[in-house]
Amino acid sequence: MRRVWGVPVLYLLVGAAPAAALFADGSTAGGVAVAVVFLVIALVHSPLFFPASTGAAEALRRGAADGRPVVFWRPGCAYCIRMRLRLGRSARRMHWVDIWSDPAGAAEVRAANDGDETVPTVFVAGRPHTNPPPAWVRGQLDASA
């Protein structure tokens, strides 16, 4: 669990130093602005930004039953963040697996990527696709509806 929150906490700590310096110099607006920027960055890199994760076995079972894509991701991954942002609201309709919280999910990703934990890895109809374009993933979701 510590690894999942390490990156967001680091952003908060790094942002606290310049914000505190600005507050100490009397620049309240600047301190608030810096604090808000680092808070948003920390939020985007946290598990809170992504839909609720399920276990790999359950997500793959649900994906096979309803035809929706299963997205394997990890906190702090820029490509995962890009996919989440580009999918917008439709991301909530997919099944998400945090590979740092689920060892079985990490094993699925390694099996699909020659031993590498490359994310996002998206399973559609039981077939893995490594770092596919978000528009393609949205198309697969629309096709499953």
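Predicted model: local features only at pLDDT ≥ 70, side-chain atom pairs only at ≥ 80, totals over all residues.
What covers the buried residues of α3?

Four strands make up an open sheet of mixed pairing, arranged in the order β2-β1-β3-β4. Its edges are formed by β2 and β4, each of which pairs on one side only, and from one strand to the next the twist averages 25°. Strands of a sheet are joined through backbone hydrogen bonds, in either a parallel or an antiparallel sense. The parallel sense is found between β1 and β2, which pair over four bridges, with Phe72 standing opposite Val97 in β2.

Helix α3 lies across β1, β2 and β3, and runs at about 165° to β2. Within α3, which spans residues 56-66, the buried residues are Ala56, Ala59 and Gly63. Seen down the axis of α3, these buried residues fall within an arc of 65°, so they line one face of the helix. The cover over that face includes β1 (70-73), β2 (95-98) and α5 (103-112), which answers the opening question with both strands and a helix. On the face of α3 turned away from its buried side are the exposed residues Ala57, Ala64 and Ala65. After α3 comes Gly67, whose phi is positive, near 80°.

Helix α5 can be read in a similar way. Its buried residues are Gly105, Ala106 and Val109, and because they cover an arc of only 100° around the axis, they are placed on the same side of α5. What do the buried residues of α5 pack against? Their partners are α3, β1, β2 and β3, whereas the face of α5 turned away from its buried side carries the exposed residues Pro103 and Ala111. Just after α5, Asp114 takes a positive phi of about 55°.

Key. Residues numbered from 1 in each chain as written. Heavy atoms only, no water. Buried < 20%, exposed > 50% of the residue type's maximum accessible area, 1.4 Å probe, protein only. Helix = DSSP H or I, 4+ residues; strand = E, 2+ residues; numbered from the N terminus. Arc of directions from axis to C-beta. Contact = heavy atoms within 4.5 Å. Pairing = 2+ DSSP bridges. Axes fitted to C-alpha atoms, helices over the stretch in contact; angles between N-to-C directions.
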